[in-house]
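Morning, everyone. I have one model to walk through, and I'll keep it brief. Please have a look at it before I start.

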Amino acid sequence: MVNNIKNVFSIKDLENLSGIKAHTIRIWEKRYNILEPIRTETNIRTYDLASLQKLLNVVLLNSYGYKISRIADLSAEKIVFLVREIIAGKNANNHILNTFKMAMINFDQALFLNTYTNLLSEKSFREIFYEIIIPLMNDIGLLWQSGTISPAQEHFISYLIKQKYSSIQKKFKS
């Protein structure tokens, strides 16, 4: 069986998944050692899943006002701790979107379901749909269009979302 889980990413993939321009990622690497790319024999940058996760965490911290120079001085554990604190806050939609994207990339149904269940304890389906699902589907369309994700990944996440939508419809019909 062919392994369809993407675990090596180009800098363009990181740009598409994080929303941070490739040029900025290169600067963060050079100036702050935020990421350490793996280099091919032809010196092309590639990144592993841990690098993608770290970048998404750095982007979240940066979007919450942390300066890149300060983030660069933090340990990996401290970065994760601060991200978890932010997630506990009310306005973590970007992180939730990124969590759904990671679930999609890894074909991780449990991560999707746990994230969705946690959201449902805080928000109505309507709020989740407008605040999270619609922006997620827009992002997924762009990720598919740019070749960052495979059709299988897009189908996987779309199917899970469709399941949740169908279960809500059934609730209201009964």
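**Pockets, a cavity and helix packing**

H6 is the largest contributor to the lining of the second largest pocket, giving four residues. Bear in mind that this is a predicted model.

Let me stay with that pocket. Its volume is about 180 Å³. Who lines the second largest pocket? Gln53, Leu56, Asn57, His95, Asn98, Thr99, Met102, Asn106, Asp108 and Leu111 do. Two elements give two or more residues to that lining: helix H3, residues 49-63, and helix H6, residues 93-105. By class, the lining of the second largest pocket has six polar residues, three nonpolar and one charged.

How many cavities of 30 Å³ or more does the structure hold? One. The largest cavity contains about 40 Å³ of space. Its lining is made up of Phe112, Tyr116, Phe125, Ile133, Leu160, Ile161, Lys164 and Tyr165. The elements that put two or more residues into that lining are H7, H9 and helix H8, which spans 125-145. H9 gives the most, with four residues.

Now the packing. Two packed helices are described by the angle between their axes and the distance between the axes.

H7 covers residues 109-122 and H9 covers residues 151-173. Their axes come within 11 Å and cross at roughly 40°. H7 and H9 are therefore oblique to each other. The crossing of these two helices is right-handed. Which residues meet? On the H7 side, Gln109, Phe112, Leu113 and Tyr116. On the H9 side, Phe156, Ile157, Leu160, Ile161, Gln163, Lys164 and Ile168. Sorted by class, the contact of H7 with H9 has eight nonpolar residues, two polar and one charged.

Helix H1 is residues 11-18, and helix H2 is residues 22-32. The axes of H1 and H2 come within 9 Å, crossing at roughly 105°. Are H1 and H2 roughly parallel or roughly perpendicular? H1 and H2 are therefore roughly perpendicular to each other. From H1, the contact takes Ile11, Leu14, Glu15 and Ser18. From H2, it takes Ala22, Ile25 and Arg26. The residues of that contact split into four nonpolar, one polar and two charged.

H1 has another partner, H3. The axes of H1 and H3 come within 10 Å, and the crossing angle is roughly 40°. That makes H1 oblique to H3. The crossing of H1 and H3 is right-handed. Leu14, Leu17 and Ser18 of H1 make the contact with Leu52, Leu55, Leu56 and Val59 of H3. By class, the contact of H1 with H3 has six nonpolar residues, one polar and no charged.

Two links to take away. Leu14 and Ser18 of H1 meet H2, and Leu14 and Ser18 also take part in the contact with H3. Leu56 of H3 is in the contact with H1, and Leu56 lines the second largest pocket as well.

That's the tour. Over to you.

Methods. Residues numbered from 1 in each chain as written. Predicted model: local features only at pLDDT ≥ 70, side-chain atom pairs only at ≥ 80, totals over all residues. Heavy atoms only, no water. Axes fitted to C-alpha atoms, helices over the stretch in contact; angles between N-to-C directions. Parallel < 35°, antiparallel > 145°, perpendicular 65-115°, else oblique. Left-handed = near helix turned anticlockwise from the far one by under 90°. Contact = heavy atoms within 4.5 Å. Nonpolar A, V, L, I, M, F, W, Y, C, P; charged D, E, K, R; others polar. 1 Å grid on protein atoms, 1.4 Å probe; cavity = no way out; pocket = protein on both sides within 12 Å on 5 of 7 lines; lining within 4 Å. Points joined across faces, edges and corners; volume = space filled by probe spheres on them.
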